[in-house]
Structure formats: C-alpha cells, structure tokens
Amino acid sequence: MSNELFSSVRNERMYEKIVVQLRQLIADGKLKPGDRLPGERVLSQTLGCSRTSLREACRVLEAEGLIISKPGGGRFVQHVELDTDSRFSLDPIDMLEKSAVLYFLEAREAIEPKIAELASQRATSEDIKKMEAVLLKMEEKLKYPDENVEIDSSFHLAIAEATQNFVFVSMMKANLSMSRQVRKQTLSSEERYLLSLEEHRAILKAVKNKDGKEAIKATCLHLQNIKENVLKNYPT
C-alpha cells in the first residue's frame, strides 16, 4: 500500500485528526475492506504522530467496527455494510431513544458479568497492566469529555481481552460500536464520570484478586447505576 495515501497531521488532540483522516480514506474507497494498514512504526512516521496517538485512534476505529486488529497480523479495514453518511453521522436522537438504550443495557447485563468473571480467572499480568493504564488515562483526561468516552470503552474492551476469548472481544467491540452515542450520554456529567471511574476500579480490584463473584457483583452494580442514570435522564 502506498504511503502517499496518508497526510501528516498536526493537532493538540492528535488521535482525533487521525480518526478523521482514516475514516475519510475508507469513505472515499482509498482504503478498501481487507486492506492491511501499514505497520505501526511506519504509519506513525507517515502521519507525523506518536505511536500512542495512533493506537488511541485505532481503538476508536475498532470500536466503530471500521478496522480490526489481528494478533500478530496487523490491522485491517473491515467490510462496511452501511453507507458512509449514515455510518458516520448517526442521529443522536434516534440512537438515544429510551427503548433502544435499555436494549443496549439489557445486552450488556447478559454478557459483561460473565466476561468479568472469566477475566478474573484468566487475566495475565499484561492484561492487568493494560487495565491499570486505561484507568490512569481516565483520571488524567477528566477535562476532555469526548476522550473520556473512548477511554471508558477501552477499559471494557480490555476486560473482554482478558478472557482470552476472541468471541467475547468481538461481541464487546460490536456492542461498544452500536452504543457509542449512548455512552456519551451516560458519561455526560462529571459526577457520573467520577462514579463510573470508581466502579471501574472496583471491577479491576476484583479481577486482580481473582475473585469471580466480586467481579460479577461490581460489574452488575456498574450496569445498574448506568441504567438508573439513563432512566433519570429519560423519564417516562
């Protein structure tokens, strides 16, 4: 693949510019389903960004279902079923219909407690370090609400990866992609964000202690608080 496709980016919040550029390349058909992105070192040099910024951008694109990472195989563009305009400009009003939000939460309640339980049994030291790093970023970036959503998503994805089960990872990516607008709403206030951070810490503590029951309990409490927040913002 020619590096001429990519343009150097300069911005304080670098990862957002990278996301926009890669989205546009996919929208224009210059990056096609099945295309393998250049390696991390090469692509970061071409874009003029750090590898950390590139990884943050790729996490966003993975959560949206636009690219997929294959262990040891690099990152690939995925097949996009929806037309580009509808994919990148989902109407928040439609996405935030109360019934739809509750359906998303119902799905999460069905799978995330089990994911947390398995993570507590199977998480490696590297998995733990990754989750700890995500929580540190959550603490550092309280000033940037848009980034908070992406970092929050990264934590849930890291929990899924700790199960060592690629099916759970795929399910979590799909869920996070569909509910991205919902998550912006549930983390809209600083008070709720701080509470969510504490809930994440409790989940991580249980995983680190290899306490499956406590991991389930902490995850259920987290999801219940999200539901209560949604119901409060969307009264009948």
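Predicted model: local features only at pLDDT ≥ 70, side-chain atom pairs only at ≥ 80, totals over all residues.

**Entry 1: ground rules and overall fold**

Among contacts in the protein chain between residues at least 6 apart in sequence, what percentage join residues at least 24 apart? I get 73%, with contact meaning heavy atoms within 4.5 Å.

Numbering starts from 1 along each chain as its sequence is written, and side-chain values use heavy atoms, leaving out hydrogens and water.

I listed the secondary structure and got twelve helices and two strands. These are DSSP runs numbered from the N terminus, with helices being H or I of at least four residues and strands E of at least two. Read from the N terminus, the order is α-α-α-β-β-α-α-α-α-α-α-α-α-α.

I also checked burial: 46% of the 236 residues are buried. Here buried means under 20% relative accessible area, exposed means over 50%, and partly exposed is in between, using a 1.4 Å probe on protein chains only.

**Entry 2: the cores**

I looked for nonpolar cores, i.e. sets of buried Ala, Val, Leu, Ile, Met, Phe, Trp, Tyr and Cys residues joined through side-chain atoms within 4.5 Å. The largest one has 27 residues, and Ile-115, Met-131, Phe-155, Ile-159 and Val-207 have the most contacts inside it. Helix 6 (98–122), helix 7 (125–140), helix 8 (145–161), helix 9 (166–178) and helix 11 (190–208) each put in at least two residues. Helix 8 gives the most, with six.

Another core, of 21 residues, lies apart from that one, and it includes Tyr-15, Leu-37, Cys-58 and Val-60.

I then zoomed in on Val-207. Ignoring neighbours within four places in sequence, Val-207 touches Ala-116, Ala-119, Ser-120, Ala-123, Ile-128, Met-131 and Ile-159.

**Entry 3: helix 3 and its partners**

How do helix 1 (residues 14–27) and helix 3 (residues 51–63) cross? Their axes come within 8 Å, at roughly 50 degrees. For the record, axes are lines fitted to C-alpha atoms, for helices over the stretch in contact, and angles run from 0 to 180 degrees between N-to-C directions. The pair is therefore oblique; under 35 degrees would be roughly parallel, over 145 roughly antiparallel, 65 to 115 roughly perpendicular, and the rest is oblique.

On the helix 1 side I noted Met-14, Tyr-15, Ile-18, Val-19, Leu-22 and Arg-23, and on the helix 3 side Ser-53, Leu-54, Glu-56, Ala-57, Val-60 and Leu-61. That contact has nine nonpolar, one polar and two charged residues. The classes: Ala, Val, Leu, Ile, Met, Phe, Trp, Tyr, Cys and Pro are nonpolar, Asp, Glu, Lys and Arg are charged, and the others, Gly among them, are polar.

Next pair: helix 2 (residues 40–47) packs on helix 3 at about 100 degrees, axes 9 Å apart, so I log these two as roughly perpendicular. Glu-40, Arg-41, Leu-43, Ser-44 and Leu-47 of helix 2 meet Arg-51, Leu-54 and Arg-55 of helix 3. By class I have three nonpolar, one polar and four charged.

**Entry 4: positive phi**

Gln-164, in the loop between helix 8 and helix 9, has phi near 65 degrees, positive without being a glycine. Its relative accessibility is 47%, so I file Gln-164 as partly exposed.

Lys-210 also has a positive phi, about 55 degrees, and is not a glycine. Lys-210 sits in the loop between helix 11 and helix 12 (212–233), and at 53% relative accessibility Lys-210 counts as exposed.
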